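The sequence and model come next, followed by notes grouped by topic.

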Amino acid sequence: MGSYGRGCQRIRGVIVLSKQLTGRQKCAVILISIGSELSSRILKFFREDEIEDLTLEIASMRRIEPEVKEEVLNEFYEICLAQNYISVGGIDYAKEMLEKALGPSKAQSILNKLTSSLQVRPFDFARKTDPSQLVNFIQNEHPQTIALVLSYLNPEQAGMILSALAPASQVEVAKRIATMDRATPEVLKEVENVLEKRLSSFVLQDFTMAGGIDAAVAILNRVDRGTEKTIIEALEEDNPELAELIKKRMFVFEDLVTLDDRSIQRVLKEVDMRDLALALKTASQEVTNRIFKNISNRARDMIKEDMGLMGPVRLRDVEEAQQKIVNNIRQLDESGEIVIARGGEDEIIV
């Protein structure tokens, strides 16, 4: 987020208008303004070091002047508005709509200030194309090329395309997505030009992030079970460390709410109550409610008592406890005792 023209500073924990407000301070103001429950859910998408920095920033803000809160939220709203317009119709469309909503001067100011964050990602046209058509365009390309294209698609689209590829290609493409780092403008332009002759094109003149573990996980979470198994098993032989990283992120603790009650009850039979109490320390209310719903009143009271007695705990310990439970879930899924719903599969009948 850009800085204010008037800006602000902190005086004894009170944020007041005076000089430039940093991006971290703005983020802290937003998190405070939206409340702890929603903020805690958002923070799960940040790195650990970012969470620590923001927590310190939030802790140091005892009071925020109404003018600061209003201006930060307005700026955040304008960013979201601009991003939404761009995702619908591109930068020109966004400029037109922002001018109608906020006036030419304000619209230009927003676009100038947020140019780097509002640039359209490569293959924007492909994200508006039916996946079955894209398969025909790229299935015979080199695995690295396919991986590059899939990295810029929505996970749902990429998952459908990956499922449609030959098994050998699936493994190779998934591996290349997970190990991909950056792509140069030249490479992006060359690949896009192949597709633009049949569809359309947009070239981003900048170095951009592509692929990575998170991209591979997002895509694999949306392929069918057979495709996932083929890819994971092959990766375990070819690159065990990469396979383990991917598996750890494919089902996270908060995904427990996607299981049916019978499956949750089966999982909890394998879980140590001390680990469960520790894991619930940072869990959302939704996850906590689902777990408490599937245990006895006595067990629920014991867990609540344990959580109260353990006091402050290290985030690392909480994450380790959550990972133990996730590992149990994946083992039960692999043995067929429970079912984790995945994209591209038939509807589950209970």
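The largest nonpolar core has 37 residues, and those touching the most other members are Leu150, Leu162, Val173, Ile177, Leu220 and Ile246. A nonpolar core here is a set of buried Ala, Val, Leu, Ile, Met, Phe, Trp, Tyr and Cys residues joined through side-chain atoms within 4.5 Å. The model is predicted: local features need pLDDT of at least 70, side-chain atom pairs count only at pLDDT 80 or more, and totals for chains, interfaces and linings use all residues. Residues are numbered from 1 along each chain as its sequence is written, and side-chain values use heavy atoms, with hydrogens and water left out.

- Beyond its neighbours within four places in sequence, Leu150 is in contact (heavy atoms within 4.5 Å) with Ile138, Ala158, Ile161, Leu162, Val173, Ile177 and Ile219.
- Another core, of 31 residues, lies apart from the largest one, and Val271, Leu278, Ala279 and Val287 are among its members.
- In soluble globular proteins, nonpolar side chains tend to be buried together.

**The whole protein**

- The protein contains 19 helices and five strands; these are DSSP runs, numbered from the N terminus, with helices being H or I of at least four residues and strands being E of at least two.
- Of its 350 residues, 41% count as buried, where buried means under 20% relative accessible area, exposed over 50% and partly exposed in between, with a 1.4 Å probe and protein chains only.
- Among contacts between residues at least 6 apart in sequence, 73% join residues at least 24 apart.
- The accessible surface is about 19300 Å², and 49% of this belongs to carbon and sulfur atoms; areas come from the Shrake-Rupley method with a 1.4 Å probe, and for residues only the protein chains shown count as cover.

**Lysine 247**

- Lys247 lies in helix α14 and counts as buried because its relative accessibility is 17%.
- Not counting residues up to four places away in sequence, Lys247 touches Ile232, Glu236 and Arg330.
- Lys247 and Arg330 are 83 residues apart in sequence, with 8.8 Å between their C-alpha atoms.

**Aspartate 306**

- Asp306 is part of helix α18 (residues 297-310).
- With 29% relative accessibility, Asp306 counts as partly exposed.
- Asp306 and Ala277 are 29 residues apart along the chain, and their C-alpha atoms are separated by 6.4 Å.
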